[in-house]
Amino acid sequence: MCFGIPWAEYFESMINEVMDNYEIDGLFLDCWAWDRACYGNECIAAICDQGIDVFDHAAVVSHQNEMKIQFIRRIIQ
């Protein structure tokens, strides 16, 4: 799951819909790979805009992880 594409906004809206419309104790979100890089067009553009070397795998993974952390912060508010 890439959090650098419009899909992440759609996913966030689905989470918000469930949390707003149903009485639930919480959600379990599975399949979060913290050791994977994304080399999709949107992520490459964002990485380059931030001056990150796209050939530095660890830096690309770190960028992807930071996007996941930002996503988590938005949904737990």
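**Cysteines and aromatic rings**

The cysteine sulfur closest to that of Cys43 belongs to Cys2, and at 3.3 Å the two are too far apart for a bond. The model is a predicted one, and a search of the whole structure returns 0 disulfides.

Is Cys43 buried or exposed? Cys43 has a relative accessible area of 1%, and therefore counts as buried. Cys48 takes part in no disulfide either, since the nearest cysteine sulfur, that of Cys43, is 11 Å away. Cys48 has a relative accessible area of 46% and is partly exposed.

The aromatic rings are the second topic. How many aromatic pairs are there? The count comes to 7. One of them joins Phe3 and Phe71, whose ring centres are 4.8 Å apart and whose planes make an angle of 55°, a tilted arrangement. This pair links distant parts of the chain: Phe3 belongs to the segment before helix H1 (6-21), while Phe71 is in helix H3 (residues 57-75), and 68 residues separate the two.

Phe3 has a relative accessibility of 8% and so counts as buried. Phe71 is buried as well, with a relative accessible area of 0%.

Trp32 is in the loop between H1 and helix H2 (41-49) and Phe71 is in helix H3, so the pair ties together parts that are 39 residues apart in sequence. With a relative accessible area of 17%, Trp32 is buried.

These residues belong to a wider group. Phe3, Trp7, Phe11, Trp32, Trp34 and Phe71 form one aromatic cluster. Trp34, a member of that cluster, also has a charge over its ring: the charged end of Lys68 sits there, 5.3 Å from the ring centre.

How values were computed: Residues are numbered from 1 along each chain as its sequence is written. This is a predicted model: local features need pLDDT of at least 70, side-chain atom pairs count only at pLDDT 80 or more; totals for chains, interfaces and linings use all residues. Side-chain values use heavy atoms; hydrogens and water are left out. Rings of Phe, Tyr and Trp (its six-membered ring) pair if their centres lie within 6.5 Å; planes under 30 degrees apart count as stacked, over 60 as edge-to-face and the rest as tilted. Helices (H or I, at least four residues) and strands (E, at least two) are DSSP runs, numbered from the N terminus. Buried means under 20% relative accessible area, exposed over 50%, partly exposed in between (1.4 Å probe, protein chains only). A charge sits over a ring if NZ of Lys or CZ of Arg is within 6 Å of the ring centre and within 35 degrees of the ring normal. A disulfide is a pair of cysteine sulfur atoms within 2.5 Å.
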